[in-house]
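Please look over the sequence and the structure shown here before reading on. The report is meant for a reader who meets this structure for the first time.

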Amino acid sequence: MRQFDVRTPYDTSVDTLWTLLQDASLLSTLTSFPKVTLVGDGASVEGNLVQLRVGVGPVSLPWNSAITLTGNYAFCDQGVKLPFPFRRFSHVHRVEQVGGQAVMVDEVTFDSYVPTVLVEYFVLRPMFKARAKAFQKTLNS
């Protein structure tokens, strides 16, 4: 299993950032690579099954995650049905107040059928970087 954390600060309140983060429909809109489409309910409430389709070009595969834990400005989704190359995937989403900023914290733990370092640096890190820019653009609008 490989773990990496991403901490992204925003000049906004914790409540505003948390509101944006709680619904997978916005996350699917803000994720440009890979293309993510929400199928059904995207609420980040404990016990919910979030069903997504992820893809590149004409290929689209299911990605289903169970919301297994919720807390104060935090939730965890565990991959139930994952697309290649993922074997296992767990993602803790948190929002923290640090100084005058709200910080989005993503703690990702995963395993894959290919070397995990490749998945991290060529898929996940670019995805989180692009998502951070999209969140900033949404906050600025």
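## Basis of the description

This is a predicted model, in which local features need pLDDT of at least 70 and side-chain atom pairs count only at pLDDT 80 or more, while totals for chains, interfaces and linings use all residues. Residues are numbered from 1 along each chain as its sequence is written, and side-chain values use heavy atoms, with hydrogens and water left out.

## Overall fold

The protein has three helices and seven strands, which are DSSP runs numbered from the N terminus (helices H or I, at least four residues; strands E, at least two). Along the sequence they follow the pattern β-α-α-β-β-β-β-β-β-α.

For 141 residues, a compact globule would have a radius of gyration near 14 Å, and the protein agrees with this at 14 Å; the radius is taken over C-alpha atoms, and the globule rule is 2.2 Å times the number of residues to the power 0.38. Of the 141 residues, 43% count as buried, meaning under 20% relative accessible area, with exposed over 50% and partly exposed in between (1.4 Å probe, protein chains only).

## The nonpolar core

A nonpolar core is a set of buried Ala, Val, Leu, Ile, Met, Phe, Trp, Tyr and Cys residues joined through side-chain atoms within 4.5 Å. The largest one holds 33 residues, of which Leu 21, Phe 110, Leu 124 and Phe 135 touch the most other members. Among the elements that each supply at least two residues of this core are β1 (2-10), α1 (14-21) and α3 (116-140), and the largest share, seven residues, comes from α3.

## One face of α1

The buried residues of α1 are Val 14, Leu 17, Trp 18, Leu 20 and Leu 21. Seen down the helix axis, these residues fall within an arc of 160°, so they line one face of α1; the arc is that of the directions from the axis to the C-beta atoms.

## Aromatic pairs

The structure holds ten aromatic pairs, where rings of Phe, Tyr and Trp (its six-membered ring) pair if their centres lie within 6.5 Å, and planes under 30 degrees apart count as stacked, over 60 as edge-to-face and the rest as tilted. Tyr 10 and Phe 135 form a tilted pair, 6.3 Å centre to centre with 50° between the planes, and this pair links strand β1 to helix α3 across 125 residues. Tyr 10 is buried at 2% relative accessible area, and Phe 135 is buried at 0%.
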